[in-house]
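Dear colleague,

Please find below the structure that I am handing over to you. My notes on what was found in it follow.

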Amino acid sequence: MYVKESLDQIVYRRFMTGFYACSYHPGEILDPAELAERYCVSRTPVVQALKQLAHEKIIAVQANGRFFIPVPTEATLQGVCRTRIIFEQEAIGLLAESRDSAVIHSLRQIADSCYQEMATVNNLESVKRDMDFHRTLVASSGNSCLQELYETVLNRYISIKYVLRDQYRSQKAGAQRHIDIVKAIEAGEGELAKELLSSHISAAMETMMQMICALPQQ
């Protein structure tokens with residue numbers, strides 16, 4: 001059954017798209033009035049969306065009640081990446097157990113599509129495709145609870161990655177790792193797929209750690 005999105009949800013989604021577009025920077029104060037004007041809505045849904053984002057620790061709140069983009073820390077990044085690995089490895093395990101050929105084939109098609117787009121295009125949609133593969137991987141497990149919790153974790157990751165610096169660069173290597181993970185699942189090598197997944201996320205984490213260390217001291 002189709003459920004119409006509320007204005008709160010629409011603003012929330014648009015705000016997350018802003019991260020992909022590298023629209024925010026660490027420590028930036030978020031003005032609800034300015035955001036309401038940008039999204040052509042009243043201030044109320046903007047405030048509600050910001051409260052939800054703060055509840056999910058994607059943004060933060062000062063003592064005076066003002067919302068802001070937190071400055072990423074190594075500890076926060078490590079926690080988010082390690083949680084992603086746990087969730088995605090669990091999804092791989094469930095998918096490897098089910099051996100649902102239709103689901104695995106669909107995931108392979110998405111991985112191939114990601115490669116074709118991410119290897120040749122360097123824009124907003126190409127970086128979204130990277131995250132879409134991981135969402136699809138977790139969704140393919142068939143565990144709706146896992147998928148719901150994972151979405152918040154992935155959004156925290158996105159909110160860290162895309163405030164560090166311009167992330168619009170070649171995604172070819174990452175897209176190839178997506179294909180390698182699916183190939184391992186297809187071959188029934190669940191443990192190998194988990195290892196590839198862990199290495200994939202850990203490599204991204206190490207790169208982002210270097211960026212965090214290079215941030216100006218607040």
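A disulfide is a pair of cysteine sulfur atoms within 2.5 Å. The structure, which is a predicted model, holds 0 disulfides. The sulfur of Cys 81 lies 14 Å from the closest cysteine sulfur, that of Cys 213, which is too far for a bond. Cys 81 is buried, at a relative accessible area of 1%, whereas Cys 145, at 47%, counts as partly exposed (buried means under 20% relative accessible area, exposed over 50%, partly exposed in between, with a 1.4 Å probe and protein chains only).

Leaving aside neighbours within four places in sequence, Ile 185 is in contact (heavy atoms within 4.5 Å) with residues including Ile 92, Leu 137 and Ala 193.

Which residues make the contact between α4 and α6? On α4 they are Arg 84, Glu 88, Ala 91 and Ile 92, and on α6 they are His 134, Leu 137 and Val 138.

As to the basis of these values, residues are numbered from 1 along each chain as its sequence is written, and side-chain values use heavy atoms, with hydrogens and water left out. Local features need pLDDT of at least 70 and side-chain atom pairs count only at pLDDT 80 or more, while totals for chains, interfaces and linings use all residues.

Yours sincerely

Definitions and conventions. Helices (H or I, at least four residues) and strands (E, at least two) are DSSP runs, numbered from the N terminus.
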